Amino acid sequence: MKRIIGLVSAAIVGAFGATAEAQNYTWKPERPVTIIVPWAAGGSTDQMARIVAAELEAELKQKFVVVNQPGASGSIGTKNALEAARDGYTWAAGAAADVGTYKVLGMLETELKDWNLFFAVANVSAIAVNPNAPYKDFGELLEAWKKNGENISVSTAGLSSAGHNLMESIRANTPIKYRHVTYDGGNPAVIAAVSGEVPVVSQLLVEMSEMIKGKRLRPLAILSDKPISLEGHGEIPPITKWLPNMPAPVNYFGIWAPKGTPDNVIKTMEMVWQNKIAKSEALQKYAASRSALFAPIHGQTAHNEAFKMVRQTAWLYFDAGKAKLSPDTVGIPRL
Amino acid sequence: MNVFDNLQMLGAAFASFASPMILFNVFWATLLGIIIGAMPGLTATMGVALMTTLTYTMAPNSAILVLICIYVGAIYGGSRSAILLNIPGTPASACSTLDGFPLARQGLAGRAMGISTTGSWLGTLFGTMCVALFTPVLGELSLSFGSYEFFWVAVFGIVIAGTLSGGDPLKGYIAGFLGLFVAAIGQETNHNFPRFSFGIKDLEGGIGLLPALVGAFGVAEVLQVMRGPAFKVVSSKVDSVIPRLGDIVRYWRTILRSGAIGTFIGIMPGLGEDTAAWTSYAAARRASKEREKYGKGSVEGLMAAETGESACVPGAIIPVLTLAVPGSAPAAVLLAAMLIHGLNPGPLLMVNTPEFLYQIVAMLIIADMTKLFFGLTLVKPLLWILLVPRERLMPVVFVLCTVGAFAITSRVFDIYVMLAFGFVGFVLRELKFPMAPLILGLVLGELLDKNLLRGLNLSAGDVTPFFTRPISAIIAAITLLSILWSIPAVSRRVISLFQRA
Amino acid sequence: MSDHPAPAGERAPSPRADLLTAAVLLAFSIGVIVLSAGMPTFTDKGASLFLAPGIVPGFYGSVLTLLALVLAARSIWRGALRGDRGAGTASGAGDRAGLLRLGIAVVLCLVFAVGLIGLVPFWLAVALFVTSFIVIFEWQPGLGASARVRPVGTAVLQGMIAGLLVTYVFQEVFFVRLP
């Protein structure tokens with residue numbers, strides 16, 4: 001796992017990371033900067049945001065305060081960041097797939113391109129089963145879903161969570177049925193599969209890695225086109241092994257400020273991202289230990305990479321009848 | 001692994017914390033925790049989250065130690081304001097107002113704080129023992145509680161809340177269901193449908209527990225005090241600050257029971273210190289020989305609430321260590337901090353780094369002892385609060401309530417929630433509706449709602465698993481008996497039946 | 001908690017007050033049921049019926065309706081409809097002063113929390129609120145100007161201290177954003 005993450009990270013850094021060494025930032029924040037995490041304290045967005053905050057603090061010599069404003073699938077906190085003064089003192093954290101689809105879902109008037117994006121890590125989704133479940137590989141599970149899927153419960157962290165999106169994209173790809181059981185977060189969803197309340201869990205690999213290492217869960221596939229090897233477990237096959245036509249975008253996590261934020265703030269943040277975040281040992285270590293991908297990208301590159309996931313997700317919602325408007329009308333073409 | 005190995009690891013853990021710098025950290029962190037807890041609106045969760053960022057650059061063990069001190073201190077600190085002002089500093093200490101404040105009004109604030117200190121100290125100690133001895137076993141226990149069981153736990157909580165209000169069970173139930181209703185406001189989980197939000201975005205996120213709590217207790221209390229005639233300044237006897245050994249000896253059963261309940265509730269994911277305090281209190285009341293004193297200044301009741309909530313802290317850490325599942329909200333942040341610092345709790349902890357478990361035990365004991373120290377030394381200065389006339393105290397309390405309601409999420413909306421709960425809470429109090437079930441309903445509403453629907457979903461609409469799964473069946477039976485017992489006609493008959501026999 | 005001896009609200013509410021409460025509660029809970037019944041079930045999108053958003057609040061509404069009816073029945077049984085015993089005791093002079101104080105407190109709190117906050121810097125809002133609260137409630141009619149200097153002076157002082165201290169502690173020590 002570490003090796004592959006290292007390779008991917010190196011590729012990402014090599015491709016996008018410039019080597020500007022300038023330390024004379026044009027933006028010197030005079031008072032504490034707020035990062036709004038629109039999810040509860042302790043979750044995966046929160047963890048990422050706190051590490052990034054500490055790195056920014058060290059570099060810009062000013063406090064970065066993380067404020068948790070959970071509620072309504074992250075749209076409340078994001079709305080508050082959108083409505084705050086655009087002076088660089090209020091940022092939002094989260095996952096790109098969420099902020100890019102609020103408009104389609106009719107939850108919030110905002111699009112991915114309305115934000116200055118700064119990503120730190122990317123997470124892959126995975127499907128795992130209770131060790132006592134009869135499915136030996138993903139192919140068997142797929143067959144079972146096709147045969148009597150309505151009786152096979154799958155736990156996720158809820159509507160529009162990474163796990164639910166993965167299930168919906170499988171369903172869009174091949175005719176399966178499943179019983180969707182929602183939990184309060186990724187962790188409870190994983191625990192439900194460990195305890196046997198549900199046989200199958202679909203969530204981020206980050207949230208499963210310890211249970212997989214402890215042999216309390218058996219991973220069947222990850223949403224990717226390459227396998228991932230996990231320390232203490234071995235290789236987890238990609239879902240494309242069984243569903244070759246399945247698009248496999250990753251979900252980027254990071255912080256962002258609305259467009260309209262002063263140029264010197266964004267320029268400074270871009271430099272910090274290249275000088276500090278791209279070399280952050282803390283983030284690399286965190287990503288490696290949580291089986292996430294280290295992805296310090298920003299700006300247009302970040303937008304283009306994340307837009308793949310947004311396109312896939314937005315159309316999933318639309319096809320499932322959950323969207324308030326067609327993604328076409330807001331410039332999100334089908335992936 | 002034998003006992004000797006374990007003791008050796010525990011000793012090594014203590015030794016590793018024996019440096020002046022670390023002890024200095026322990027002192028300020030515990031004190032800060034107590035202050036955070038005592039301020040209405042600043043919670044243990046928020047304190048731990050705040051310090052996670054601030055201790056980021058420390059060595060992992062020092063940082064976790066600071067966070068545990070904050071956690072332990074904040075849960076304890078909340079009862080200071082509960083006893084002195086009738087305003088719980090954190091949701092966990094709402095139960096301590098029931099008997100703590102009446103004791104203070106009787107001039108026994110010093111004694112009340114002494115009891116709460118002892119109870120809290122023993123509670124955390126009891127819980128810590130459980131961490132040291134049973135972590136692997138108890139961690140697994142939380143896996144046997146699924147959606148069906150949590151549904152009954154929530155129902156049980158509402159039922160005991162109704163009966164524990166003392167005066168009028170009917171009004172208790174009404175308040176409880178009003179609380180449940182308030183918890184239903186906002187988006188539900190299955191379809192993200194916003195219930196009762198009337199198109200208001202802020203309402204879609206639901207009513208925050210904290211602004212509601214600060215309103216129902218803090219603001220309503222301010223109004224009630226200002227309405228009443230000036231109360232006589234109560235001079236508290238300071239001589240009884242040192243807890244009496246007699247209290248411990250007399251109530252050892254209550255202490256053990258509350259410790260066990262608190263630890264157990266802590267282990268359950270989704271249930272926190274607040275539920276632990278209520279449950280211990282209800283259990284103590286049921287078993288008590290002096291039931292009539294409850295709610296009027298019962299030493300035993302206060303002891304039960306304090307021991308329960310403080311035993312919950314180590315309890316909540318148990319599943320963090322074994323399953324990487326937090327048992328309470330502050331424990332969730334603690335887990336995040338461990339992950340950020342590269343410590344990997346989870347099923348492999350006992351295999352890979354068993355010494356980490358003993359470091360946590362040592363940290364809990366150190367934090368608990370420091371808490372005891374501050375608990376005993378801070379009583380005298382705190383008693384000054386009681387001497388401040390209400391005209392001068394209440395405006396400051398109201399300001400703190402406002403800041404507290406706003407602090408968690410920085411939304412002006414939360415201030416309005418606080419005001420609304422303050423005014424409605426005041427009216428309900430005047431009509432003799434108890435506030436406790438209202439708050440408990442708000443706490444448990446989400447648990448009940450989600451687990452009921454999830455259970456039905458899992459079983460495809462079949463209700464039998466709610467009654468046939470062994471643990472479900474037991475809690476369901478206890479709940480049913482509690483309801484029957486609260487109807488006077490039934491309980492009288494049962495008692496007379498036994499007396500005749 | 002209503003269990004502790006409250007100075008003013010010591011007496012239990014009259015049966016008539018309970019009957020009124022029950023009526024309000026009944027209207028409220030029926031409203032809840034109606035709104036719950038009107039919620040979409042999402043069955044047209046393939047969701048199962050027992051996941052409908054209205055089920056749980058509808059259940060709460062039904063229980064509240066039942067409890068309201070029980071409360072109403074009990075208050076009638078206790079004499080809410082009898083002219084003599086049902087009414088509460090006439091409020092005395094002390095109670096009227098209490099209601100006046102309550103009214104002033106409510107107005108002050110509302111002015112502070114809804115009006116002042118956001119209009120002026122937070123420390124100033126706190127200082128104004130605390131000072132005026134103390135001055136108004138400590139006001140004793142018939143005192144000479146010289147006798148007022150001390151209480152008003154200390155009130156202003158306490159207001160300033162509270163405003164600055166609260167602002168400093170929360171903003172600088174706890175990094176809490178203030179309204």
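The model is predicted, so local features need pLDDT of at least 70 and side-chain atom pairs pLDDT 80 or more, whereas totals for chains, interfaces and linings use all residues. Residues are numbered from 1 along each chain as its sequence is written, while chains are lettered from A and ligands numbered from 1 in the order in which they are written.

**Chain A**

- Chain A contains 11 helices and 13 strands, where helices (H or I, at least four residues) and strands (E, at least two) are DSSP runs numbered from the N terminus.
- The radius of gyration of chain A is 20 Å, close to the 20 Å that the globule rule gives for 335 residues, so chain A is as compact as a globular protein of that length; the radius is taken over C-alpha atoms, and the rule is 2.2 Å times the number of residues to the power 0.38.
- Along the principal axes, the C-alpha atoms of chain A fill a box of roughly 60 × 45 × 30 Å.
- Among contacts in chain A between residues at least 6 apart in sequence, 74% join residues at least 24 apart; a contact requires C-beta atoms, placed from the backbone, to lie within 7 Å.

**Chain B**

- Chain B has 23 helices and 2 strands.
- The C-alpha trace of chain B spans about 60 × 60 × 60 Å along its principal axes.
- Of the 501 residues of chain B, 66% count as buried.
- In chain B, 78% of the contacts with a separation of 6 or more involve residues 24 or more positions apart.

**Helix pair α9 and α18 of chain B**

- The axes of α9(B) (residues 209-227) and α18(B) (residues 390-407) come within 10 Å and cross at roughly 165°; axes are lines fitted to C-alpha atoms, for helices over the stretch in contact, and angles run from 0 to 180 degrees between N-to-C directions.
- α9(B) and α18(B) are therefore roughly antiparallel to each other (angles over 145 degrees; under 35 count as roughly parallel, 65 to 115 as roughly perpendicular and the rest as oblique).
- α9(B) passes α18(B) in a left-handed crossing, a term for a near helix turned anticlockwise from the far one by less than a right angle, with clockwise giving right-handed.
- Residues making this contact include B:Val214, B:Val219 and B:Val222 of α9(B), and B:Met394, B:Val397 and B:Phe398 of α18(B).
- By class, the contact of α9(B) with α18(B) has 12 nonpolar, 2 polar and 1 charged residues; Ala, Val, Leu, Ile, Met, Phe, Trp, Tyr, Cys and Pro count as nonpolar, Asp, Glu, Lys and Arg as charged, and the others, Gly among them, as polar.

**B:Gly272**

- B:Gly272 lies in the loop between α11 (252-267) and α12 (273-287) of chain B.
- B:Gly272 counts as buried because it has 29 C-beta neighbours inside 10 Å.
- The C-alpha atoms of B:Gly272 and B:Ala92 are separated by 7.9 Å, although the two residues are 180 residues apart along the chain.
- Beyond neighbours within four places in sequence, B:Gly272 is in contact with B:Cys312, B:Ala316, B:Ser328 and B:Ala329.

**Helix pairs of chain C**

- Helices α1(C) (residues 15-37) and α2(C) (residues 55-77) have axes that come within 8 Å and cross at roughly 160°.
- α1(C) and α2(C) are therefore roughly antiparallel to each other, and their crossing is left-handed.
- The contact of α1(C) with α2(C) has, by class, 17 nonpolar, 8 polar and 1 charged residues.
- α5(C) and α6(C) pack at an angle of about 150°, with their axes 7 Å apart.
- α5(C) and α6(C) are therefore roughly antiparallel to each other, and α5(C) passes α6(C) in a right-handed crossing.
- Among the residues that meet are C:Phe122, C:Trp123 and C:Leu124 in α5(C), and C:Pro151, C:Val152 and C:Ala155 in α6(C).
- By class, the contact of α5(C) with α6(C) has 17 nonpolar, 5 polar and 1 charged residues.

**Interface of chains C and B**

- In this interface, 57 residues of chain C are in contact with 60 residues of chain B.
- On the side of chain C that touches chain B, α1, α2, α4 (93-116), α5 (122-138) and α6 (145-173) each supply at least two residues.
- α2(C) gives the most to that side, with 9 residues.
- By class, the side of chain C that touches chain B has 44 nonpolar, 8 polar and 5 charged residues.

Terms used
A residue is buried if 20 or more other C-beta atoms lie within 10 Å of its own, exposed if 12 or fewer, and partly exposed in between; C-beta atoms are placed from the backbone. Two residues are in contact if their C-beta atoms, placed from the backbone, lie within 7 Å.
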